[in-house]
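Work through the exercises below with the sequence and the model open. Try each task before you read its solution.

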Amino acid sequence: MNENTVTKDPMRGTLKKLIEHSNATISSDDVLREFRTTKEKRNNRKLLKILEIISKGQPKQAESLLEAAKLLEKKDPFYCLMSFLNCYSDTNIMQAMRKKDSTSTPVLTKTMFEGNTPDRMSEIKERVVQAATGGISRTAQNNNSIISTGILCTPALTTTLPTLGSSLFPATKSTVRSDSLWEFHNIENMQFQQNNIAAIPITSQENLLLYDLIYCLTGMRGSYITPELDAYRDGNQSLSMKFKISDQIHTSLRDIAQEILPLASHYTCIQQFIQKATFSNCSQVLQALSEALNNLIHDYYLLLAQLESELNAGNLTLHKMLFYVRPTLNTMEVLAGAVSLIVANELRGGQALTLLFNQISSLTGDEESQKFMIQLTQRAAVPYMNILQLWIQKGVINDPQQEFLVEDNEVIRREELPEHYSADYWEKRYTIRRERIPCFLDKVSDIILRTGKYLNVIRQCGKKVTPPQTMHLQFSPTNQNHITVIQNAYRFASKNLLEVLLKENDLMGHLMSVKRYLLLHQGDFITQFMDACEDELAKNVDKVLPMTLENLLGLTLRLSSAKHDPYKDDVHCELLTYDLVTQMSKIMNNEEEYWQTHDRLDLNGLECFAFRYEVKWPVSLVLNHIAISKYQMLFRQLFYCKHVERQLCKIWKENSIAKKFSPQAAELYRSAFTLRQRMMNAVQNLEYYMMVEVIEPNWHIFIQNMNKVENVDEVLVFHQDFLDLCLKNCMLTDATSLNRSIFKMCNICLKFCEFIQKSQRFFLDAELTSMMCDSNDEDNSDSDYEFSSQKQVFRLQSSAPCKSSESSMAPTDTFSERVKRFDLEFTGLLIGLLKQINDVASDNPSDRFINLVHRINFNSFYNEQMDKLCAKDSMLAHHS
């Protein structure tokens, strides 16, 4: 390794030595680039891994890495790198870097200005103009690639004056000024000679004043014209500089000179902007604008050279000079005003482009200035349009200065995606920053966002994105060609992603499969599954074995007609830690995410059971965890109602022996069977309403919409609308507490079924009694049966404690009394539910709720009770 390399740049030298020793595949530039990463994109684990790789085989590696890890938590990564390399360097890197920062370009010495004759001063000024002109000409050689480098050839200016817009432009460490811009500073405390010229003729004064004016127009302090910098040093943010002309100059000459001097102020303002916008970590748009201004300033320098030539030839007067600079003065005023607004408002990126674009409209009538502003806007927009082209062409963002309208909020690879990533991906991975949108792209900003998102998904699916034609995106204020290019790119990306989702990944097949299992569309499968899992799901949720449920699910899938479904293996069983009512409460009250683990309640497996449907990328964009959770809520309500219906059917079968009873013996059970039938009617109509009147019509509309979608966003919107409408009309939203009322009603039905099943053996006694009774002593036998049954049989106590406080039945009630209490409680809950549905339907006439009331109360059986309840509520409201 070359010793000069180590001496000149000890960090790179030490890095190269470590890399060669460790045989690492990275370069020193790669390491430095990683450690200069901004805070938002920094990954400390990655930085430590780099240090571990390059220090492989070095002594005290573990101690050095431990120290580096501590520094990364508290210090800047670059400081950490210097400290780490210092352990393996022959020289003290930190001291060497400080010495390097303290070195500076030698300042101009006073000997340069010895003998300040007019010829000598003209020569100095000419050298300044030539230096600036030469620097610009080198830049102007590549006008078509203004933005490619982003750094001007002109040396960067650093002054002791307060910098304008210090938060907009990066600060510099050096305090030494370059000689490409004077900014009216004294050089080494040298003062220009001032002779007493008050007595000389006006013609001679004019000649001297012309020389001073040319000095000032190049940024140099003259002998008789001096800038008033005191207000500027006091923190005045105004970019308009005032000049003072010596009182020795004749008044008429001073008045004309004051009309010319604003050009010097405008020039200084523009030059300050140019110099400060040349740093690599400044906004790319501002760098491009700076370089475009440099090209325009080149013409300004030519004008000054021509004026000096005329002055040397004796052909220039103040009036002529004013005439010559008048057009340039107007243009420079416009340019200086634009950059002043950019600096004053700290604009960058799209905001700066918006200001420039608006300036074009405001210059209507000033054709020359408008022409320059159009050129500036076009060239300043080049880096922004380059970022935009890469985004709409490949779905990639290359925005080191954070000025593009789309922001990427993700830095990890898709293989490392966390749980539930697919749901957040579409909404959170890429977002629009409204403040960064140029006004000429505002109308197509949403299209721009979707285009890149579509391409990004296609690219992450492993497909190569190849646009059908070469894309050349260039902004022009005079036409809308860039809008056409963006729209064509959007149509291409949308078409390709739809093809990937609908054809290659069969999205509709997956949606049909979800409906088949989670919306109980596959009737035979659901019946067989409930038959197989009934005993297991009746246990406490902590005693249910998930593996048993999975095995029974797999067996049922292969024995039913679901065996022909190609996606049946994506269905799995899941035991949640809460019932449906708790889940709804947590969602609607915006509490912590309901899929997180909570303490289990005293629930059985049935109340916690749900199907889970798992899909892979990119189908998970549509069937994400939020969508599956909505499907699960619908499933749980349907599944629970189906279970209640099965229990009511079961006691209907078991109690069919009551048909054999004598009329007197069967009288006791008639009220129980009537109540069971009313319960059956309510539950079946509730199921029918949800499946036939809500889910099926909305599914039909959803399929119709899917047949004419044009982009993935429409797919997501239609799918979300379908689920939201189903949840709303199935009473699973926060608008009402209808789902809680349904849950209570179903619980009463289950308790009634449990009570009847426990009473089953007494039906056999009743059958035997009925068979043994003689027709002559029927009354006595019935009386004996009633007495014995009431006294020792039907004083039942529930074997399990109530899970809720709905029931107020005493354990000593007779069979008839308990049935009557069940009847009263069920009727009260049902009438309350119908009343709630009526209230909701009156507020939302477009919803389907009222259909459920007509189905359950088809013969107006509950009208009288509902009227009484409404009257009672009205009285309470009136008294309150």
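Contact means heavy atoms within 4.5 Å. This is a predicted model, where local features need pLDDT of at least 70, side-chain atom pairs count only at pLDDT 80 or more, and totals for chains, interfaces and linings use all residues. Residues are numbered from 1 along each chain as its sequence is written, and side-chain values use heavy atoms, with hydrogens and water left out.

**Exercise 1. Which residues does Tyr631 touch, not counting residues up to four places away in sequence?**

Step 1. Set aside the residues up to four places away in sequence.
Step 2. List the rest: Tyr631 touches Leu511, Val514, Leu518, Leu519, Leu623, Trp699, His719, Phe722 and Leu723.

**Exercise 2. Which residues touch the most other members of the largest nonpolar core?**

Step 1. Learn the terms. Buried means under 20% relative accessible area, exposed over 50%, partly exposed in between (1.4 Å probe, protein chains only). A nonpolar core is a set of buried Ala, Val, Leu, Ile, Met, Phe, Trp, Tyr and Cys residues joined through side-chain atoms within 4.5 Å.
Step 2. Pick out the residues. The largest core has 213 residues, and those touching the most other members are Leu213, Met321, Leu441, Ile448, Phe609, Phe611 and Tyr631.
Step 3. Find the top contributor. Helix H28 (residues 663–706) gives the most to this core, 16 residues. Helices (H or I, at least four residues) and strands (E, at least two) are DSSP runs, numbered from the N terminus.
Step 4. Look elsewhere. Another core, of 24 residues, lies apart from it and includes Phe35, Leu47, Phe78 and Met82.

**Exercise 3. Why is strand E5 largely enclosed by the rest of the structure?**

Step 1. Count. E5 (residues 571–575) is largely enclosed because 4 of its 5 residues are buried.
Step 2. Find its partner. E5 pairs with strand E6 (residues 609–613) in the antiparallel sense over 5 bridges. Strands pair if DSSP finds at least two bridges between them.
Step 3. Glu574 stands opposite Ala610 in E6.

**Exercise 4. Is Arg12 buried, partly exposed or exposed?**

Step 1. Classify. Arg12 has 28% relative accessibility, so it counts as partly exposed.
Step 2. List contacts. Leaving aside neighbours within four places in sequence, Arg12 is in contact with Ser28, Asp29 and Leu32.
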